[in-house]
Amino acid sequence: MEGKPPEREIPEIPRLTLRRSILKKRLIALRGKSNVGKSTALHNLNRLLLSEPSAKTLKFQKYGRLLDFSTVIDFNGQRVGIVNRGDIAYHLDDFLTELEEERCRIIVCAARTKGEIESVLASYARRYEVVEILKVECHDDYVDASNLEAAHQLAAYVYGSMIM
């Protein structure tokens, strides 16, 4: 045993493989109850994304007199769609279909936590990686900060999806 170090078992290094989800398109759903700031957070996200010099609005549609809208933004050939009408399942399905037809690789939507929204999001899971982010109610003094935080979190997912 003199002069010989003890034998050690060297662990096998696992092979790296690409996850299928990297190759999929991504649907990011901001989930929450009514009046927790989903629409405001998505407006803030729209402003954040458009502050990027390479971003161009290809389409913007406002609905009604409130905050409802849908938009398509181009980032050097990658399309991002945003829609904040996620209260009624068939409306959301129509908007998501429209953004898919606009060839959006990344879609961000508002979606209620109750009702038939679950099945609408599940129906896109074959074509999109569905990521759900929960937007919760907060104290009135922190509403603006909460909405900005949600917008920045969504932007991180959008940017992360672009580099995959």
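A residue is called buried when its relative accessible area is under 20%, exposed when it is over 50%, and partly exposed in between, using a 1.4 Å probe and protein chains only. The model is predicted, so local features need pLDDT of at least 70 and side-chain atom pairs count only at pLDDT 80 or more, whereas totals for chains, interfaces and linings use all residues. Residues are numbered from 1 along each chain as its sequence is written, and side-chain values use heavy atoms, with hydrogens and water left out.

**Exercise 1. Describe the chain as a whole.**

Solution. Helices (H or I, at least four residues) and strands (E, at least two) are DSSP runs, numbered from the N terminus. The chain holds 5 helices and 6 strands, and along the sequence these follow the pattern α-β-α-β-β-β-α-β-α-β-α. Of its 164 residues, 41% count as buried. Taking contact to mean heavy atoms within 4.5 Å, 67% of the contacts between residues at least 6 apart in sequence join residues at least 24 apart.

**Exercise 2. Work out which side of helix H3 is buried and what that side packs against.**

Solution. Begin with the length: the expected span of a helix is 1.5 Å times one less than its number of residues, and for the 13 residues of H3 (residues 89–101) this gives 18 Å, which agrees with the 18 Å between its end C-alpha atoms. Next, list the buried residues of H3, which are Ala-89, Leu-92, Phe-95, Leu-96 and Leu-99. Because these residues cover an arc of only 130° around the axis, they lie on the same side of H3; the arc is that of the directions from the helix axis to the C-beta atoms. The face turned away from this buried side carries the exposed residues Tyr-90, Asp-94 and Glu-101. Finally, the buried residues of H3 pack against strands E1 (25–32), E3 (69–75), E4 (78–83) and E5 (106–112), and against helix H4 (117–123). After H3 comes Arg-103, whose phi is positive, near 65°.

**Exercise 3. Decide whether Ala-55 is buried or exposed, and find what Ala-55 touches.**

Solution. Ala-55 lies in strand E2 (residues 55–62). Its relative accessibility is 14%, and therefore Ala-55 counts as buried. Not counting residues up to four places away in sequence, Ala-55 touches Leu-49, Leu-50, Ile-73, Asp-74 and Phe-75. Of helix H2 (residues 38–50), the buried residues include Leu-49, and the buried residues of H2 pack against E2, among other elements.
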